[in-house]
Amino acid sequence: NLYAINVEDSSFVWKFPTSGGIASTPCISDELVLVGSEDGNLYAVSQRLGDQVWSCTTHGCIRSSPQAESGHCFVGSDDGCLYAVHVQSGRVVWRFQSAGPIRSTPLVAEELIFVGSDDGYVYALDLRSGSIKWKYNTNRRVTSSATIHENLIFVGSADGHLYGINARSGWPVWRFRTKGYVLSTPAVMNGVVYV
């Protein structure tokens, strides 16, 4: 279930049921709440009433969290695709196929989308067409979601590294070895990246 709770007094506003669990973080765009479900659907729910406006079916669980930009919603699926969905209609505008589940939350920045896949790659895709601008192979699954700071993409991999990758070229500027999988989303402040 997706719940809407009043922030002032924690009173119940509405509940929207799905036929699978929800591991996806909701995104709000154009008075719609967008959320993925493990039943394989991306749902658009009325922010005010909690009614379903549309659903978009993928061929795998959705554990990626949707991101909305320029009237479109971008979300990954366990079917290996990143979907670009029109926010108002629910129509799939384009889909990009990787070789593994996409559980990473897409990052939209500078007309590009950055997303990791369980196939071990970090991808930079064109916002309008979904075509690949570059890809970088970490050799292990990438469920970490990327962060951008001053033209550097920071993203972790199950290979135990945090990567700093040039956002335009895909060239790795540096990598830092940790002692375990890097699954979380990095945060950047005052010249320091935290992961």
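This is a predicted model: local features need pLDDT of at least 70, side-chain atom pairs count only at pLDDT 80 or more; totals for chains, interfaces and linings use all residues.

Biologist: How many helices and how many strands does the protein have?

Modeller: The elements are DSSP runs numbered from the N terminus, where a helix (H or I) needs at least four residues and a strand (E) at least two. On that basis the protein holds zero helices and 20 strands.

Biologist: What share of the 195 residues is buried?

Modeller: A residue is buried under 20% relative accessible area, exposed over 50% and partly exposed in between, using a 1.4 Å probe and protein chains only. Buried residues make up 51% of the 195.

Biologist: Which residues touch the most other members of the largest nonpolar core?

Modeller: A nonpolar core is a set of buried Ala, Val, Leu, Ile, Met, Phe, Trp, Tyr and Cys residues joined through side-chain atoms within 4.5 Å. The largest has 15 residues, and the elements that give two or more residues to this core are strands 11, 12, 13, 14, 16 and 17. Apart from it lies another core of 14 residues, including Leu32 and Cys81. In the largest core, the residues asked for are Phe114, Trp134, Ala146, Ile153, Val155 and Ile165.

Biologist: Why does the pair of phenylalanine 114 and tryptophan 134 count as tilted?

Modeller: Rings of Phe, Tyr and Trp (its six-membered ring) pair if their centres lie within 6.5 Å, and planes under 30 degrees apart count as stacked, over 60 as edge-to-face and the rest as tilted. The structure holds seven such aromatic pairs. Phenylalanine 114 lies in strand 12 and tryptophan 134 in strand 14, so this pair ties together parts that are 20 residues apart in sequence. The ring centres are 6.0 Å apart and the pair is tilted because the planes stand at 45°.

Biologist: What is the geometry of the pair formed by tyrosine 136 and tyrosine 163?

Modeller: Tyrosine 136 and tyrosine 163 are both buried, and the pair links strand 14 with strand 17, its members being 27 residues apart. With 5.4 Å centre to centre and 65° between the planes, the pair is edge-to-face.

Biologist: Which residues do ring pairs link into a cluster with Phe96?

Modeller: Phenylalanine 96 is in strand 10 and counts as buried at 9% relative accessibility. Contact means heavy atoms within 4.5 Å, and, not counting residues up to four places away in sequence, phenylalanine 96 touches several residues, among them Cys81, Leu125 and Ile132. The ring pairs join Phe96 to Tyr121 and Tyr123.

Biologist: Which residue lies over the face of tyrosine 121?

Modeller: A charge sits over a ring if NZ of Lys or CZ of Arg is within 6 Å of the ring centre and within 35 degrees of the ring normal. At 4.8 Å from the ring centre, the residue over tyrosine 121 is lysine 135.

Biologist: How many disulfides does the structure hold?

Modeller: A disulfide is a pair of cysteine sulfur atoms within 2.5 Å. The sulfur of cysteine 61 has its closest cysteine sulfur 14 Å away, in cysteine 81, too far for a bond. Cysteine 81 is in no disulfide either, with the nearest cysteine sulfur, that of cysteine 56, 11 Å away. The number of disulfides is zero.

How values were computed. Residues are numbered from 1 along each chain as its sequence is written. Side-chain values use heavy atoms; hydrogens and water are left out.
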